[in-house]
Amino acid sequence: MGQCLELSAAVCRIGVYSCFRAFCCKGPPSPRTEYDVVCVGLTGSGKSSLLTQLCSESTDNIIPTTGADNIRKYWSRYYQGSQGVVFVLDSASSEDDLETARNELHSALQHPQLCTLPFLILANHQDKPAARSLQEIKKYFELEPLARGQRWILQPCSVENMDAVREGFNQFISLLEEIDQEHIPGRI
C-alpha cells in the first residue's frame with residue numbers, strides 16, 4: 001500500500017485541460033479535448049503541492065514522498081500514451097539535487113516516447129531565497145541546445161503564486177491544441 005502511495009505521488013497522470021479548466025476557471029468547462037499528460041519530478045520538487053493547489057484543494061495534508069529515488073526507474077512505465085510532459089523542478093535545491101533533476105530531464109527529453117512531445121517545465125520554489133533564475137536554469141539544464149526543435153515552456157512558479165502556474169498551464173494547453181491542429185487530416 002505504501003509503495004502505491006509513493007508511486008502515485010512521484011508520478012501522476014492528469015487530464016490537464018479538464019482539471020485545469022474545471023477547478024481553476026469560472027463556469028462549466030467547454031467541451032474540449034482532454035490531454036493525457038505525465039507529471040514527473042524529484043522528491044520535494046512540489047508536484048503534489050502544485051497540482052493540489054491548482055485544483056483548489058488544501059495542501060495541509062501533503063507529505064513528501066519517501067523512497068522516490070527507487071521509483072524513478074519506473075517513470076518510463078507511465079510515459080506510454082502521454083501527449084505531453086510536466087516536469088517539476090525545485091529551483092532552490094542543492095547542487096546535487098539540481099544535477100539529478102538535470103539528468104532526469106535530459107533522460108525524459110530524449111526518451112523515445114517523449115522526445116516529440118511538448119514539455120512544461122515548472123521551476124518551482126521561486127519564492128525561496130536560494131531560487132535560481134530562469135536564465136540560470138535554462139543555461140544549467142542546457143535547454144536551448146538539448147530541446148532544439150521540441151516545444152517546451154519554462155515557467156517560474158511557487159505555491160504562493162498560482163497565477164504563474166496557471167499561466168504555464170495555459171501556454172502548455174495552447175501547445176497541445178496547436179499540435180492537435182497540426183495532426184487534423186486534410187490540413188497542410
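Buried means under 20% relative accessible area, exposed means over 50%, and partly exposed lies in between (1.4 Å probe, protein chains only). By that scale H125 is buried, with a relative accessible area of 14%.

This is a predicted model, in which local features need pLDDT of at least 70 and side-chain atom pairs count only at pLDDT 80 or more, while totals for chains, interfaces and linings use all residues. Residues are numbered from 1 along each chain as its sequence is written, and side-chain values use heavy atoms, with hydrogens and water left out.

**Confidence**

pLDDT is the predictor's confidence in each residue, from 0 to 100. The protein chain has a mean pLDDT of 79. In that chain, 76% of residues reach 70 or more. Confidence is lowest in helix α1 (residues 2-10), with a mean of 33. Strand β4 (residues 119-124) has the highest, at 95. Residues 1-19 have pLDDT below 50. Beyond near neighbours in sequence, this stretch still has 54 contacts in the model. A contact means heavy atoms within 4.5 Å. Where pLDDT is low, the predicted coordinates should not be read in detail.

Helices (H or I, at least four residues) and strands (E, at least two) are DSSP runs, numbered from the N terminus.

K47 lies in helix α3, which spans residues 47-54. Is K47 buried or exposed? K47 is buried, at a relative accessible area of 6%. Its side chain reaches the backbone oxygen of G41 at 3.0 Å. That is a polar contact: a pair of N or O atoms within 3.5 Å, where within protein one must be able to donate a hydrogen and the other to accept it, and residues adjacent in sequence count only if both atoms are side-chain atoms. The buried residues in α3 are K47, L50, L51, T52 and L54. After α3 comes S56, whose phi is positive, near 60°.

K47 also lines the largest cavity. On a 1 Å grid over the protein atoms alone, a cavity is a set of points where a 1.4 Å probe fits but cannot get out, and lining residues have an atom within 4 Å of a point. Grid points are joined across faces, edges and corners, and a volume is the space filled by probe spheres set on the points. The structure holds one cavity of 30 Å³ or more. About 30 Å³ of space lies in the largest cavity. Its lining consists of C39, K47, L50, L51, V86, V88, L122, V165 and F169. Two or more lining residues come from each of α3, β3 (84-90) and α8. Helix α3 gives the most, with three residues.

**Salt bridges**

Side chains of opposite charge can pair when their charged atoms come close. A salt bridge here is a side-chain nitrogen of Lys or Arg within 4 Å of a carboxyl oxygen of Asp or Glu. The structure holds five salt bridges. Three of them are tabulated here.

| Pair | N to O distance |
|---|---|
| R132 and E95 | 3.0 Å |
| R102 and E99 | 3.7 Å |
| R151 and E178 | 3.9 Å |

R132 and E95 meet in a salt bridge. This pair links distant parts of the chain, 37 residues apart. R132 is in the loop between β4 and α6 (134-140), and E95 is in helix α5 (residues 95-110). R132 is buried, with a relative accessible area of 14%.

What separates R102 and E99 in helix α5? They are three residues apart, so about one helical turn lies between them. R102 counts as buried at 15% relative accessibility. E99 counts as partly exposed at 31%.

R151 forms a salt bridge with E178. They too link distant parts of the chain, 27 residues apart. R151 sits in the loop between α7 (143-146) and β5 (152-156), while E178 is in helix α8 (residues 162-182). R151 is partly exposed, with a relative accessible area of 29%. E178 is partly exposed at 40% relative accessibility. Elsewhere, salt bridges that share partners join E99, R102 and E142 into one network.

**Positive phi**

Most residues other than glycine have a negative phi. H125 has a positive phi, near 65°. It is found in the loop between β4 and α6. E142 is not a glycine either, yet its phi is positive at about 55°. E142 is found in the loop between α6 and α7. At 35% relative accessibility, E142 counts as partly exposed.

Terms used: On a 1 Å grid over the protein atoms alone, a cavity is a set of points where a 1.4 Å probe fits but cannot get out, and a pocket is an open set with protein on both sides within 12 Å along at least five of seven lines; lining residues have an atom within 4 Å of a point.
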